Amino acid sequence: MERARAWPLQNQNSGHAAEFFAQSSAICAKIDFARIEALAAALSVVRERGGRLFMLGVGGSAANCSHAVNDFRKLCGIETYSPVDNVSELTARANDEGWETIFAGWLEVSHLCKRDAIFVLSVGGGDVERNVSINIVRAIEFARERGAKVFGIVGKETGYTAGNGDVVVVIPQVKAEWVTPLSEAFQAVVWHCLVSHPALQVRRTKW
């Protein structure tokens, strides 16, 4: 049997992969650890008072929301949901009522209250002037009306979530053209830090 051809390896200190991971390392050095600790403490309070957690995001961040729901429920014992997991309702609302209110409408039917919190995963975090992720903006406005807490992990300190949230972790911007892949990657890093935090984790992982 013919052996598979080995692909030539680049110098470990050159190339896209080396730079990508170097920038990732820079984020690890610059990220606000105190803010992550504060978020862990705030999530613990939500659980203690019997509140629910609602994960909100679009695009790649929506997929991250689905994963995070599993981890906060299974590992931390926090009652957690995400509207992105109900594609029928999400698309019906977008079709019938408009994209801007898909999250706010879902939260209204869920009877969002002051015991609860929304948790935004987003690159930009919403921008009214640029008309980007207005559904996130409307959800934050609705949460404020109901007295619910607003948490987030975002890639832009200038976005609506960072400016209007209670505890929001901002992924340091180390390279402007990579803000999306690095922000979405580090959403996962930060929430996995949270679900393994001793203040939150109540069940061990299998591995």
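Predicted model: local features only at pLDDT ≥ 70, side-chain atom pairs only at ≥ 80, totals over all residues.
View 1. When the neighbours within four places in sequence are left aside, Val137 is in contact with Gly126, Asp127, Val128 and Tyr160. The view also takes in Asn164, which is 27 residues apart from Val137 along the chain, with a separation of 9.3 Å between the C-alpha atoms of the two residues.

View 2. The loop shown here runs between strand E3 (117–122) and helix H6 (134–146), and Ser133 has its place in it. Not counting residues up to four places away in sequence, Ser133 touches Val58 and Gly126. The backbone of Asn131 has a positive phi of about 60°, although this residue is not a glycine. As background to that angle, most residues other than glycine have a negative phi.

View 3. His111 is found in the loop between helix H5 (102–109) and E3. Its phi is near 55°, which is a positive value in a residue other than glycine. Is His111 buried or exposed? With 59% relative accessibility, His111 counts as exposed, because the cut-off for that class is over 50%.

**View 4. Helix H2, its two ends and the elements that cover it.** Helix H2 (residues 33–48) has 16 residues, which at 1.5 Å a residue should span 22 Å, and the distance of 23 Å between its end C-alpha atoms agrees with this. At the start of H2, a side-chain oxygen of Asp32 reaches to within 3.1 Å of the backbone nitrogen of Ala34, while just after H2 the residue Gly50 takes a positive phi of about 75°. The buried residues of the helix are Ile36, Leu39, Ala40, Ala42, Leu43, Ser44 and Val46. What covers these buried residues includes strand E1 (52–56), helix H3 (60–74), E3, strand E4 (149–154), strand E5 (167–170) and H8.

**View 5. The largest pocket and the residues that line it.** The largest pocket has a volume of about 260 Å³, and the elements that give two or more residues to its lining are E3 and H8. There are 17 lining residues, of which Gly124, Gly125, Arg130, Val132 and Lys156 lie nearest the centre of the pocket. By class, the lining of this pocket divides into five nonpolar, eight polar and four charged residues.

View 6. A search of the whole structure finds one cavity of 30 Å³ or more, and about 40 Å³ of space lies in the largest cavity. The residues lining the largest cavity are Ile27, Ile171, Pro172, Gln173, Val174, Lys175, Trp178, Val179, Leu182 and Ser183. Helix H8 (residues 179–195) gives the most to this lining, with three residues. In terms of class, the lining of the largest cavity has seven nonpolar, two polar and one charged residues.

Key: Residues numbered from 1 in each chain as written. Heavy atoms only, no water. Helix = DSSP H or I, 4+ residues; strand = E, 2+ residues; numbered from the N terminus. Contact = heavy atoms within 4.5 Å. 1 Å grid on protein atoms, 1.4 Å probe; cavity = no way out; pocket = protein on both sides within 12 Å on 5 of 7 lines; lining within 4 Å. Points joined across faces, edges and corners; volume = space filled by probe spheres on them. Nonpolar A, V, L, I, M, F, W, Y, C, P; charged D, E, K, R; others polar. Expected span 1.5 Å × (residues − 1). Buried < 20%, exposed > 50% of the residue type's maximum accessible area, 1.4 Å probe, protein only. Polar contact = N/O pair within 3.5 Å; in protein donor to acceptor, adjacent residues only side chain to side chain.
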